[in-house]
Amino acid sequence: MKVGIIRFPGSNCDRDVFHVLGLVGCEGEYIWWNQRDLSKFDAIVIPGGFSYGDYLRAGAIAAITPVIDGIKEVVKEDKPVLGICNGAQILAEVGLVPGVFTLNENAQFICKWEEMEVKTTRSPFTRLYKKGETIKMPIAHGEGRYYNPHIDDLKDQDQVVLSFVGNNPNGSIEGITGVCDLDGRVCAVMPHPERASESILGSDDGIKFFKGMVNY
Amino acid sequence: MKYQAEVRISLKKGMLNPEASTIQRALALLNYHVEDTKTAETVTFSLEAKSPEDAREEVDQMCQRLLCNPIIHDYHITVIPGDE
């Protein structure tokens, strides 16, 4: 399975994602922001980082680059797309997932392990978890507070993927820290599953995100 | 004709503004007790356009396509003729 890893100036989790894709038997390939044709890929991951220095708003400038046209084509072909951290902010700015990830409630960058609940298993990235399962993954963001004025629609349509358990570190509405599009194939999560994919790093709870994507 | 444009981007009413609350708390440390602190971002540039209306229309498109996120932002555009 061939997976495109999107790189913008300022992406910095691209190599971590490449490494973890290898662990689950996928072939990762880096794709630069100015590529438009992504048709050879079976899935796409937009990794974390600080694309374009987070200027204007996190993800805003990446959201208008040519590679986004390619990603929209991939989505039309019903292939899975995962955005992690800055990748999640980009997917929200593009409008491929609803809502926005904005400045944390305490206005600080937060980098710590958190527990979160898997709220839906209909996404390719969460299909190997149990609904309601609590998992542990790290967060690392300054603009991760999820906001959506239409929160009831989001819940009615089963578009909440992850929400914090026992703590709401960034002030997200209802602790939501992962959302998906209507059919679940486009998934945007603020926590880093690629940093929680080997037990030596403190948790391998995240690897099922990538395993679930394989042969979906 | 050349126009100077200014876009003032602010959070919609009722949106949490953590930057403003931090500034307000810092001002209190200096014994300035203020209320309703808000922050806004300003982007300025010059552009060529046939008329002030055309200039404003183009800047409005820029706001919708890049400069603002309609979910959380309001914006105000000022356009004046001239080089600086």
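Which residues does Val3(A) touch, not counting residues up to four places away in sequence? In this predicted model, the contacts of Val3(A) are Leu21(A), Cys26(A), Glu27(A), Gly28(A), Phe41(A), Asp42(A), Ala43(A), Ile44(A) and Val45(A). Val3(A) belongs to strand S1 of chain A, which covers residues 2–7. Val3(A) counts as buried because 24 C-beta neighbours lie inside 10 Å.

Chain A as a whole was considered next. Chain A contains five helices and eleven strands. Its C-alpha trace spans about 40 × 35 × 35 Å along the principal axes. The radius of gyration of chain A is 15 Å. A compact globule of 216 residues would have a value near 17 Å, so the two agree. Buried residues account for 56% of the 216 residues of chain A. Of the contacts in chain A with a separation of 6 or more, 75% join residues 24 or more positions apart.

Chain B has two helices and three strands. Along the sequence these elements follow the pattern β-α-β-α-β. The C-alpha trace of chain B spans about 50 × 30 × 15 Å along its principal axes. Chain B has a radius of gyration of 16 Å, whereas a compact globule of 84 residues would have one near 12 Å. Of the 84 residues in chain B, 11% are buried. Contacts between residues at least 24 apart make up 72% of those in chain B with a sequence separation of at least 6.

The nonpolar cores come next. In soluble globular proteins, nonpolar side chains tend to be buried together. The largest nonpolar core here has 65 residues. Ile44(A), Ala88(A) and Leu91(A) have the most contacts inside this core. Helix H3 of chain A, residues 86–94, supplies the largest share of the core, with five residues. A second core is separate and has eight residues, including Ile9(B), Ala55(B), Cys68(B) and Val79(B). Leu91(A), one of the residues with the most contacts inside the largest core, touches Ile46(A), Gly83(A), Leu96(A), Val97(A), Val186(A) and Ala188(A), leaving aside residues up to four places away in sequence. Ile44(A), also named among the residues with the most core contacts, is one of the residues touched by Val3(A).

The two chains meet at an interface. On the side of chain A, 16 residues are in contact with nine residues of chain B. The chain A residues that touch chain B comprise eight nonpolar, five polar and three charged.

Strand pairing was examined around S6 of chain A. Strand S6, residues 110–118, is joined to strand S7, residues 134–141 of chain A, by eight bridges. S6(A) and S7(A) run antiparallel. Within this pairing, Met137(A) in S7(A) stands opposite Glu114(A). S6(A) also pairs with strand S9 of chain A, residues 160–164, in the antiparallel sense over three bridges. Here Met116(A) has Phe164(A) in S9(A) as its bridge partner.

Backbone geometry at two loop positions was also examined. Most residues other than glycine have a negative phi, and most peptide bonds are trans. Tyr52(A) has a positive phi near 50 degrees, although the residue is other than glycine. Tyr52(A) is found in the loop of chain A between strand S3 (43–46) and helix H2 (66–76). Tyr52(A) is counted as buried because there are 20 C-beta neighbours inside 10 Å. The contacts of Tyr52(A) are Phe8(A), Pro9(A), Gly10(A), Ile61(A) and Ala62(A), not counting residues up to four places away in sequence. Tyr52(A) lies 8.5 Å from Ser11(A), C-alpha to C-alpha, and the two are 41 residues apart in sequence.

Asp158(A) is not a glycine either, and has a positive phi of about 55 degrees. Asp158(A) sits in the loop between helix H4 (151–156) and S9 of chain A. Is Asp158(A) buried or partly exposed? Asp158(A) has 15 other C-beta atoms within 10 Å and is therefore partly exposed.

Methods. Residues numbered from 1 in each chain as written. Chains lettered and ligands numbered in written order. Predicted model: local features only at pLDDT ≥ 70, side-chain atom pairs only at ≥ 80, totals over all residues. Core = buried A, V, L, I, M, F, W, Y, C linked by C-beta atoms within 7 Å. Buried ≥ 20, exposed ≤ 12 C-beta atoms within 10 Å, placed from the backbone. Helix = DSSP H or I, 4+ residues; strand = E, 2+ residues; numbered from the N terminus. Contact = placed C-beta atoms within 7 Å. Nonpolar A, V, L, I, M, F, W, Y, C, P; charged D, E, K, R; others polar. Pairing = 2+ DSSP bridges. Rg over C-alpha atoms; globule rule 2.2 N^0.38 Å.
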